[in-house]
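Subject: The structure I promised you

Hi,

Could you open it and follow along as you read?

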Amino acid sequence: MKWNKKGIRITAISVAVVAAVVLAIFFTTRGKSEPVPVYSFVDGIVGMSDYVEGSESDGIVTADRVQPVYLSDTQTVLQIMVSDGQRVQQGDVLFTYDTTLSQIALQQKELSVQQLKLDLATAKGELEAINSYVPTTPEAPPAQPEDTLAGQDLTGKSYLAFAGSGESELTPLYCWLRSDTMVDSTLLETLLGGRDVLFVCFLYTQNDTADGGVLGKHGVKVMRLKTAESGYSYSYAFFDMSSGAQEPEAGYTAAQLAAMRTQKLTEIRNLEFRSKMEEAEYAIMCRETDSGQVTADFDGVVTQIISPETAVAEHQPLMKVSGGGGYYVSGMVSELELDRVQVGQKVTVSSWATGENYEGTVAEISNFPQKDDMGRGGNVSYYPYRVQVSEMADLQEGSYVAIRLQPGESQQSLYVDNAYLRSDGAVYYVYARGADGRLEKRKVQIGGSLWGSYTQIRSGLTEDDWLAFPYGKTVKEGAPTREGSWEDLGR
C-alpha cells in the first residue's frame, strides 16, 4: 500500500516501523520516569548529624603532683618497694621490673609513628587538592528546552513542536505528544518540513498537561531517503538525549568531589586518632626501656596499690603517688560557643585508651585565640581552655582524652556537605524527599562553616531527611526518588 502526497511517494511499511518503535518505547516507559537517587545523613554522604559544634576537643593529659604508675604487658614486676599509705620522697624507688621489650620493638613503634605522620600529611594534602578542584558540573544547569512547554495551551492538540532547531543531537526539535497520539506519516512529514534529516525529541507529560512532569523523553534521528521510484522512504536511529549533558572524560563532577571530600575527612580523623595514640604509646615504651625501676617524681603519699595482674588486665595504675594535686587537660572552644563555657563549669573527660569517663571542671579560659590544629577552618576563632580532673581518676600522663560539654550545655547540629546546598541570592535550599516520596525544593536556614566543606543547618532539615544532589536534568520538584548509595555518586 502506498501513500502519496504532493508527488512524494512514501513507503507505509517504513513509516509504520518508525511509528511502532517510537510508540513501543513510549508505552513501555509510560509511568517509568527515572527516579532521582537521594542520600541519608546516616550514611554520611550528604553530611553529619552527630557533630556538636564547639562542644568537643581533645588534649593530652598532664599531671600536677599526682603520679599514676601503670604497667605495660611487656613489664614483669620483680619487687614492689613501698606499701599503701607510705610517705615517699622524690627519687625513692617504687618498684623494680624486668621487661621483654626489645630494641627492635621500640624501633618498629617509632617507624609506625613516622609512617602515620606521613600518611596524615599526605591525606591533608589530598584534601587541599580536592577542595581546589573545580567541578565539571556547571554551577547552575542550563534551562531545559522542555521548560518552555509550561504555560502552553494544549487544548485539542495531539502534538506540539515547541523548541529546538532539529539540526543536531544537541539541538533537537522538541515535540510534545499526547499519550494517545499515533506517530504516522502525516506527523513525520509535518515535522520534517521539507528536510531530509531531522533530530527530534519526542516526549509526553503526566496527565497530558503542559506543566505535568515529563514521563518519557526519547531522541530519534529521522532520515528521508530517495527511492528508485522517485519517492521517499524513512529510516531512523535513536540517540541518547543525555549526550549533550554528559560530563567530560577528564575531571570530577560535583557529586564525586563531595564523596571524595567526605571520605578524605573521615580518613584524616582516623589517622589523627591513630597517630596520637601511637605517639603516646611510643613515649611510654621509651620510658620503660630507660631502666628497670620506677621512682617517685615528687614528695607524696603512696595510695591505691593493686596487684600487677589486675593492673595489666584492667589497665589501671599499679599505684599512685599523691602530693595533693590532680590532672589537667587543655581543650579548644569556638568563638560561637565561647559564651556557653564558663570557669567552674562541669565537663566530661573521656580516656581514648580505656573509654572511661570522668568529671572535670573548667579551671581557666584564655582571652586570646590560638590557631586550631584540627582543621575546622572557616572564619571562626578558637580559644583554649583548661580542665582540672580529680587525682582519683585513672588517667595516664601523656595519654589523650576527649573533652565534652555535658548534656544540656551543648547543641547538636546538622551539617550539610556544601555540594548538596544551593542558593538563590540570600535564600538557601536543598532538594529533599517529601512525605509522598517525591522531591521538594526546601528552604533552610544556615549557620557557620565547618572545615570549609560543610555548612550548619539551623532549621528546615532533620537527621531523618534524604537529600538529592541538586544538579541534573531530572532533579526538579515532584520527581520520583529512590534511596541511593556511594556507588551512585561514582556514575
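Let's start with strand β17 (residues 319–334) and strand β20 (residues 382–390), which pair in the antiparallel sense over nine bridges. Two strands count as paired if DSSP finds at least two bridges between them. Helices (H or I, at least four residues) and strands (E, at least two) are DSSP runs, numbered from the N terminus. If you look for G331, its bridge partner in β20 is Y385. Strand β20 also pairs with strand β19 (residues 357–365), again in the antiparallel sense, over five bridges. There, G360 stands opposite V389 in β20.

A quick word on the source: this is a predicted model, where local features need pLDDT of at least 70 and side-chain atom pairs count only at pLDDT 80 or more, while totals for chains, interfaces and linings use all residues. Residues are numbered from 1 along each chain as its sequence is written, and side-chain values use heavy atoms, with hydrogens and water left out.

Strand β9 (residues 93–99) is another one to find. Five bridges join β9 to strand β7 (residues 75–80), and the two run antiparallel; Q75 has T99 in β9 as its bridge partner. Three bridges join β9 to strand β15 (residues 293–295), also antiparallel, with F95 opposite V294 in β15.

Now zoom out. How many helices and strands does the protein have? There are six helices and 28 strands. Of its 491 residues, 43% count as buried. Buried means under 20% relative accessible area, exposed means over 50%, and partly exposed is in between (1.4 Å probe, protein chains only). Among contacts (heavy atoms within 4.5 Å) with a separation of 6 or more, residues 24 or more positions apart account for 71%.

Next, the rings. The structure holds seven aromatic pairs. Rings of Phe, Tyr and Trp (its six-membered ring) pair if their centres lie within 6.5 Å; planes under 30 degrees apart count as stacked, over 60 as edge-to-face and the rest as tilted. One of the pairs is F162 with Y174, which is tilted, at 6.0 Å centre to centre and 50° between the planes. This pair links distant parts of the chain: F162 is in strand β10 (residues 159–163) and Y174 in strand β11 (residues 173–177), twelve residues apart. Are F162 and Y174 buried or exposed? Both are buried.

Compare that with Y420 and F469: their ring centres are 5.8 Å apart and their planes are at 85°, so this pair is edge-to-face. Here the partners are 49 residues apart, Y420 in the loop between β22 (412–417) and β23 (422–424), and F469 in the loop between β27 (466–468) and β28 (481–483).

The charged end of R386 sits over the ring of Y328, 3.9 Å from its centre, and that of K441 sits over the ring of Y429, 4.3 Å from its centre.

Last, the cysteines. A search of the whole structure finds zero disulfides (pairs of cysteine sulfur atoms within 2.5 Å). Take C175: the closest cysteine sulfur is in C201, 9.0 Å away, which is too far for a bond. C175 is buried, with a relative accessible area of 0%, whereas C286 is partly exposed, at 24%.

Cheers

Notes. A charge sits over a ring if NZ of Lys or CZ of Arg is within 6 Å of the ring centre and within 35 degrees of the ring normal.
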